[in-house]
Every structure is written in C-alpha cells, then in structure tokens.
Amino acid sequence: EKADIKMMAVEIERIVNNFQNEFQNGSLADQKDQIRRFVSAVVVYRSDRPRVRCYIRKIPLIQQSTGLSLQCVAGGGFEPSTYGL
C-alpha cells in the first residue's frame, strides 16, 4: 500500500500543533499516549552522578486509527544496533 505523504504531514502537523492543548486537557492515559508519540525511550543511569537521558523522536508517532503509518529505519553503521526503529 502506497503511503500518502501529504496526509501524513497534515496529521503530524495536527499532532504537534495540538500537543499542549490535548496534554493539558487529557486524562492521565491520554497524556501518556501524547508523551509516547514524541519520546522513544528514557534511560536512567544510576551511578555516583545519577542522570536521565530522554530520546525524542524526530517524527511523532501517528495513531493507528488514522490508517496512516510511517516506519523509519536507521542506516548502517549505527552502534549499538538499531533494529526495530
């Protein structure tokens, strides 16, 4: 199935533009979904100097209910392996 890039761009723009309003007015479950669209991972380093690293997606996830999907795959040479991105 051929992806409709224009429809994806419109949906991504809508997600980005409505983030603050939907986050502030959404339930806790909705807020978690909003964060998951933009954050791919959070890693906590527990050491003498604890820190947290947050990985932000370049393109937010699109809800499956839209019927649109976009899959990004990292190129060769990335370490560690990035399979499944």
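Here is a conversation about how the terms used for this predicted model follow from its values.

Student: What should I keep in mind about the model and its numbering?

Tutor: This is a predicted model, where local features need pLDDT of at least 70, side-chain atom pairs count only at pLDDT 80 or more, and totals for chains, interfaces and linings use all residues. Residues are numbered from 1 along each chain as its sequence is written, and side-chain values use heavy atoms, with hydrogens and water left out.

Student: Which helices and strands does the chain have, and what makes a stretch count as one?

Tutor: The chain has 2 helices and 2 strands, in the order α-α-β-β along the sequence. Helices are DSSP runs of H or I with at least four residues, strands are runs of E with at least two, and both are numbered from the N terminus. Helix H1 covers residues 5-25 and helix H2 covers residues 28-38.

Student: How do you know how H1 and H2 pack?

Tutor: Two packed helices are described by the angle between their axes and the distance between the axes. For H1 and H2 the angle is about 145° and the axes are 10 Å apart. The axes are lines fitted to C-alpha atoms over the stretch in contact, and angles run from 0 to 180 degrees between N-to-C directions. The crossing is left-handed, a word used if the near helix is turned anticlockwise from the far one by less than a right angle, while clockwise makes it right-handed.

Student: Which residues of H1 and H2 are in contact?

Tutor: Contact means heavy atoms within 4.5 Å. On the H1 side you find Arg 14, Ile 15, Val 16, Phe 19, Glu 22 and Phe 23, and they meet Gln 31, Gln 34, Ile 35, Arg 37 and Phe 38 of H2. These residues divide into 6 nonpolar, 2 polar and 3 charged. Here Ala, Val, Leu, Ile, Met, Phe, Trp, Tyr, Cys and Pro count as nonpolar, Asp, Glu, Lys and Arg as charged, and the others, Gly among them, as polar.

Student: Why is the pair of Arg 14 and Glu 11 called a salt bridge?

Tutor: The term asks for a side-chain nitrogen of Lys or Arg within 4 Å of a carboxyl oxygen of Asp or Glu. Arg 14 and Glu 11 have N and O 2.9 Å apart, so the pair qualifies. They are 3 residues apart in H1, about one helical turn.

Student: How many salt bridges are there, and which others can I look for?

Tutor: The whole structure has 3. Arg 14 also bridges to Glu 22, with the closest N and O atoms 3.2 Å apart. Asp 33 and Arg 36 form another, at 3.4 Å, and they sit 3 residues apart in H2, about one helical turn. Shared partners join Glu 11, Arg 14 and Glu 22 into one network.

Student: Why is Glu 11 called buried?

Tutor: Buried means under 20% relative accessible area, exposed means over 50%, and partly exposed lies in between, with a 1.4 Å probe and protein chains only. Glu 11 has 12%, so it counts as buried. Asp 33 has 40% and Arg 36 has 49%, so both are partly exposed. Of the 85 residues of the chain, 13% count as buried.

Student: What makes Phe 19 and Phe 23 a stacked pair?

Tutor: A pair of aromatic rings is described by the distance of the centres and the angle of the planes. Rings of Phe, Tyr and Trp (its six-membered ring) pair if their centres lie within 6.5 Å; planes under 30 degrees apart count as stacked, over 60 as edge-to-face and the rest as tilted. A search of the structure finds 2 aromatic pairs. In one of them, Phe 19 and Phe 23 are 5.6 Å centre to centre with 15° between the planes, so the pair is stacked. Phe 23 is partly exposed, at 28%.

Student: Why is the pair of Phe 19 and Phe 38 named edge-to-face?

Tutor: Their centres are 5.1 Å apart and their planes stand at 80°, so the pair is edge-to-face. Phe 19 lies in H1 and Phe 38 in H2, so the pair ties together parts that are 19 residues apart in sequence. Ring pairs link Phe 19, Phe 23 and Phe 38 into a cluster.

Student: Is Phe 38 buried or exposed?

Tutor: Phe 38 is at 17% relative accessibility, so it counts as buried. Leaving aside neighbours within four places in sequence, its contacts include Ile 15, Val 16, Tyr 55 and Pro 60.
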